[in-house]
Structures are given as C-alpha cells and as structure tokens.
Amino acid sequence: MRELLRTRPFMFALVFAVVLCAVNVVAEPSFAEPGNWPAQLATLAPFALIAMASTPSIVSGGGGLDISVGPLSIVVNVVLVSWLLPHAGLGSPVVAILILLAIGAGVGAINGALVAIFRYQPVIATLCAFFVLAGIALKIAPSPRTVTDVQWLSSLGDQVGPIPGALILMAIPAAIWLALSRTSFHRVLYAVGGNDATAYSAGVDVVAVRIAAYALGGLFAAVAGIALTALVLSTQTAGVASYTLIALAAVALGGTPLGGGRGGLLGSVLGAVCIYELQTALSALGVAASWNQVVYGGLLVVGVLVGARLQAAPVAKAVTA
C-alpha cells in the first residue's frame, strides 16, 4: 500500500471516494440515480475547479499556496452577473468567457509576479490578493443580484444536450493540463517545484515558469467562477473563505504535497469529490452543518500527513496525473 501511495499519490483519495460513495448510497439510495447526476455534478464543479486552480502554484514549489483563487472565482461570478450579462454583446458565451478567462489569468499572473519577481512569500502575496479581491467583489455587488433568461448559463448548470454542463466545465482545465503534459512546460514545472536551484542551474527560467503556474491557476479559477454562476444563477459573495479552505483540503487530500514538485489535477478533483461526498453523507445522516468546518480541518490534517509521508518518496517515481 505504501509503495502504491508513493507511485500513485491520488490513490488514497480514490479509495476514500469509493468508500464515501457506498456510504451515501446506503444512507440515501437516490444518490446514485442517473437523473440526479447533473445536479450533483453542478454542485461539485465549483469546489473541484477551485481545487484544480490551487494545484499549479503548489506544484511549482517555493511554498506556492495561492489562497486567492476562492475570491478570484467570486470576482468572476459578480463581473459576469453584474457587468457582462446586462450589456448587450458582452453577455454572449464566447465574449463573456474570453473576458472572464483573461481576468483570471491576469490576476494569477500578478500573483505570480509578486512571488517570483518581488520575492513575496506566496501566502502573504495571495493573502493580500484575497482581501483585495473580496473587497472588489463586495464593491461590485454589495447586494445579491440574480440572472434571468440566460440560456447558455442555465444549460451549463444543467445539461448541454446529453452531457452535464458541469462535466464540460471541469473538462476545460483537464484538457489544458493534458495538452501541457505534452509540452516542455509541464516537465520544467515539476523540475522547478522539485528543486528550483537545480532547475535554474540547468537553464530553466524559474521566474517565468512560476508566473505561468499562477496564471494557469487564475485561469482555472475563472472557470470555477463560471461554474458557480451556472449553479446559483446569482452573485455569491458569501463564503469566500470556505471555498479557499475546501480547495486546500481537497488538494492536500488528493496527494499533492505542499512542498511542490509532485501531484496533479486528478488528485485535486478526487479530493474535492471526497469532500463533496462527505458533505452529502453527513447531511443524509442528520449531522449538523456546523460540523463541516471541523471535517474540512480534519481532512486537511490527513492530507498534510499523507503528503509528508510521500515527500520521502523518490521524486523520479512520482506520477503526475
């Protein structure tokens, strides 16, 4: 088992997800009914996408915790609902999505520049961004606003033809990550995360790689904001800290060590699935929602402990799924 966890860091989350799925089916048999899948995936998508958004900066090493991805997704949510959709032309799917992705990547790149060029500690830099973004979101949408008659957004929260819309949104970061895995960037990203001094000695532009990693996380956070809007069809400025905490717990539980150089999106998604299934199981069993924060903290501890054990594993054997 230990060797399996070393070579497949996401296996712990995969096994845990299967067990929790069985618990949910026993507690609430309708959990597994296909008719409920689009709604369940739509609820899962924002958590899973924010966990994906946290992953590239962590993989890039240097203590790369980006805790601003949660409020960044909220800013994307309020910009879409408050600014883009009310204006003719800007609310079309292609225009709106391109603008939102540009916002996400731009904010991520700024965070990356603060860390890689100006040498801010990642936690400090992204904590500043956290407060700035949370304030911007409240400034844009001080009171809740709703979305009406936007078919493409409603479809993403339900189904696009026979395919659940949330599945399409979660496939975007996965496709980008898969495409990057066939390029030299993917290799140098893990090299920088594993040992940036060695990577620099080998001629890798460490600054550019880290900025690109944070920009990639911002891009994924923008997709999370779109998924959140498709789910709630309104602005959602509450719960900013919860999204960040859930994302970190999911990444750690998914086997991506906070030290960098290992892990990947698959583990983060599986970690998010575990947290979602745990939420539904606790709800089905009648456990008070106030216990959720305790559960998130406990999962974060478990994830960090598993990650610490994996840190001792030879990097060459790591799987970067």
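Guide: In this predicted model, helix H3 (residues 37-59) packs with helix H13 (residues 265-284) at an angle of about 140°, and their axes are 8 Å apart. Two packed helices are described by these two quantities, the angle between the axes and the distance between them. Angles over 145 degrees would count as roughly antiparallel, so H3 and H13 are oblique to each other. The handedness of the H3 and H13 crossing is right-handed.

The contact itself can be listed by residue. On the side of H3 it involves Gln40, Thr43, Leu44, Phe47, Ala48, Ala51, Met52 and Thr55. On the side of H13 the partners are Leu265, Ser268, Val269, Ala272, Val273, Tyr276 and Gln279. Sorted by class, the contact of H3 with H13 has 10 nonpolar and 5 polar residues, and no charged ones.

One residue of this contact can be followed further. Serine 268 lies in helix H13. Its relative accessibility is 0%, and because buried means under 20%, serine 268 counts as buried. With neighbours within four places in sequence left aside, serine 268 is in contact with Ala51, Met52 and Thr55, and also with Ala250, Val251, Gly254 and Thr256. Ala51, Met52 and Thr55 are among the H3 residues listed above for the contact with H13.

Now the aromatic pairs. The structure holds 2 of them. In one, phenylalanine 12 and phenylalanine 16 are 6.2 Å centre to centre with 35° between the planes, a tilted arrangement. Both of these residues lie in helix H2 (residues 11-27), where they are 4 residues apart, about one turn of the helix. Phenylalanine 12 has 25% relative accessibility and therefore counts as partly exposed. Phenylalanine 16, at 25% relative accessibility, also counts as partly exposed.

The other pair consists of phenylalanine 130 and phenylalanine 131, with ring centres 5.5 Å apart and planes at 80°. Planes over 60 degrees apart count as edge-to-face, so this pair of phenylalanine 130 and phenylalanine 131 is edge-to-face. As for accessibility, phenylalanine 130 has a relative accessible area of 13% and is buried, whereas phenylalanine 131 has a relative accessible area of 55% and is exposed.

Technical notes:
Residues numbered from 1 in each chain as written. Predicted model: local features only at pLDDT ≥ 70, side-chain atom pairs only at ≥ 80, totals over all residues. Heavy atoms only, no water. Phe/Tyr/Trp six-rings, centres within 6.5 Å; stacked < 30°, edge-to-face > 60°. Helix = DSSP H or I, 4+ residues; strand = E, 2+ residues; numbered from the N terminus. Buried < 20%, exposed > 50% of the residue type's maximum accessible area, 1.4 Å probe, protein only. Axes fitted to C-alpha atoms, helices over the stretch in contact; angles between N-to-C directions. Parallel < 35°, antiparallel > 145°, perpendicular 65-115°, else oblique. Left-handed = near helix turned anticlockwise from the far one by under 90°. Contact = heavy atoms within 4.5 Å. Nonpolar A, V, L, I, M, F, W, Y, C, P; charged D, E, K, R; others polar.
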